[in-house]
Amino acid sequence: MKSDTSKQLFDRGMKVLVEGCSSASRGPMNYAPYPAYIREGKGARLWDVDDNEYIDWQLSFGCLPLGHAHPAIVDIVQEKVMGGTHFATALEVEVEAAELIVEMLPHVDKVRFANTGTEACMTGVRMARGITGKRKVLKFEGHYHGWYDGLLVSTNPQAVTTLGHPNDPVRIPDSSGLTPGSLEDTLVCVWNDADALERMLKTHGHEIACVVMEGAMSNMGVIPPKPGYLKQVQEMCRAYDVLFYLDETVTGFRVAPGGAAELYDLQPDIVTFGKALGQGFPVAAIAGPDHIMESIEYGKVLHYGSHNAPRLGLYAAKTMLEEMRRDNNAGWTKINAIGEEMTTRLNQVARDTGQNMRVQNVGSMFHPVFTDLDEITGYRDFCGHVNLAKYGEFSKLMREQGVFFTGNKILHNLSCTAHTQADIDRTIEAAGNALEQMSRV
Ligand code: PMP
């Protein structure tokens with residue numbers, strides 16, 4: 001596979017950009033010795049600057065349920081861009097997109113649009129504090145909610161030296177530059193363990209504003225909740241007078257039309273969206289019932305932003321939802337079926353080649369990990385039993401065969417409506433080749 005042009009761009013980029021790009025996740029840490037610089041995408045395909053073609057399973061970290069350059073998205077954006085890009089005023093499309101979301105989500109009365117998952121989560125936490133007057137937030141090991149100081153704790157298995165007792169996990173700062181206050185106000189609990197949460201709430205419930213979690217872990221490969229666990233969490237939150245905050249930045253509009261809340265039958269107090277919602281544009285949202293959302297009225301809990309409710313992004317979001325909802329939500333039926341097939345067949349290839357690769361999924365989100373365990377149920381399994389370097393090697397061998405599996409070793413891969421049966425078959429064949437090659441070494 002040729003990569004001369006990417007190499008040249010990387011050399012130039014290293015002089016003017018940190019790590020030659022704009023996120024550690026995209027640079028040489030995950031794509032050694034240098035990343036492929038991507039030129040364009042269409043459907044489920046990517047092309048890099050050296051004309052290499054890939055089947056894309058990274059899909060902008062989950063931002064593209066319809067794949068790249070979907071005709072309906074291209075049409076609406078081309079039409080609307082002629083009328084201007086951004087006004088920072090109230091918009092018709094803002095009302096229309098919110099109406100659609102409220103119609104789709106029974107637990108939501110009102111929506112506030114933002115740009116990124118990080119901002120949405122920062123606002124969600126501030127709302128929880130503003131509403132309850134309580135100071136602490138309880139999050140879970142291995143759950144990532146963006147790079148806001150107050151939630152950037154215990155998210156990175158690569159930084160772990162000690163986990164501490166499961167009843168009192170060590171809070172591991174995931175960045176330098178966090179204040180001691182960020183750590184003090186952020187309690188960390190083990191996930192998928194209702195007793196552990198109950199213990200924490202018993203001791204700290206009076207000072208906890210909200211329990212925040214991903215509906216399914218998606219930043220530690222893919223780890224589904226145990227049956228009934230999320231309902232138990234919700235009940236415990238109600239019992240201890242703590243807000244239940246479901247961060248659906250990844251799962252929202254992806255695992256089901258109503259996200260993880262629909263899949264697991266939940267009524268969260270606060271919910272945040274991002275990624276899939278914008279269909280590639282930066283659109284995020286904070287949402288919830290009226291009595292929660294009124295906390296941000298007139299800046300009581302402050303949420304501002306020059307780029308909030310980006311006009312083109314909202315046209316894309318509305319169009320994506322309309323497309324996915326066609327024929328009784330056929331978009332979600334399709335991406336979830338592809339996710340299931342990928343999971344089953346990748347697991348079969350692993351067995352056939354004798355490799356200890358396991359694939360877990362929730363609908364369209366799936367991820368291979370190399371492990372001695374039959375199942376990964378949480379962060380501690382992931383930290384202690386997953387060989388990240390092997391996934392790095394596997395994903396590189398996939399990309400070398402024209403199949404773009406994410407190089408980010410702790411994230412996940414995803415399907416979109418543009419993936420075809422031929423794409424799946426080619427990917428499975430490539431996985432067989434990659435695993436066989438790994439067995440020979
Ligand atoms: N919450 C979750 C669950 C996420 O996975 C992410 C991003 N991976 C975020 C929040 C932050 O979103 P963004 O990257 O758009 O800031």
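Trainee: Which residue is the bridge partner of Asp56 in β13?

Mentor: In this predicted model, β3 covers residues 53–56 and pairs with β13, residues 403–404, in the parallel sense over 2 bridges. Within β13, the residue bridged to Asp56 is Phe404.

Trainee: Is strand β10 largely enclosed or open?

Mentor: One side of β10 carries Ala284, Ile286 and Gly288, the other Ala285 and Ala287, and all of these are buried. Because 5 of the 5 residues in 284–288 are buried, the rest of the structure leaves β10 largely enclosed.

Trainee: How many bridges pair β4 with β10?

Mentor: Strand β10 also pairs with β9 (residues 270–273), in the antiparallel sense over 3 bridges, and there Val271 stands opposite Ala287. On β4 (residues 110–114), which is antiparallel to β10 as well, Ala114 has Ala284 as its bridge partner. The number of bridges between β4 and β10 is 5.

Trainee: Which helix gives the most residues to the shell around the ligand?

Mentor: The shell holds 15 residues, and the closest are Thr116, Gly117, Thr118, Gly146 and Thr249. By class, the shell contains 4 nonpolar, 9 polar and 2 charged residues. The helix that gives the most, with 3 residues, spans 117–132 and is α5.

Trainee: How many of the residues of α5 are buried?

Mentor: Helix α5 has 16 residues and reaches 22 Å from its first C-alpha to its last, close to the 22 Å expected at 1.5 Å a residue. The helix is mostly covered, and the number of buried residues is 13 of 16.

Trainee: What residue follows α5?

Mentor: The helix runs over residues 117–132. The residue after it has a positive phi, near 70 degrees, and is Gly133.

Methods: Residues are numbered from 1 along each chain as its sequence is written. This is a predicted model: local features need pLDDT of at least 70, side-chain atom pairs count only at pLDDT 80 or more; totals for chains, interfaces and linings use all residues. A residue is near a molecule or strand if its C-beta atom, placed from the backbone, lies within 6 Å of it. Helices (H or I, at least four residues) and strands (E, at least two) are DSSP runs, numbered from the N terminus. Ala, Val, Leu, Ile, Met, Phe, Trp, Tyr, Cys and Pro count as nonpolar, Asp, Glu, Lys and Arg as charged, and the others, Gly among them, as polar. The expected span of a helix is 1.5 Å times one less than its number of residues. A residue is buried if 20 or more other C-beta atoms lie within 10 Å of its own, exposed if 12 or fewer, and partly exposed in between; C-beta atoms are placed from the backbone. Two strands pair if DSSP finds at least two bridges between them.
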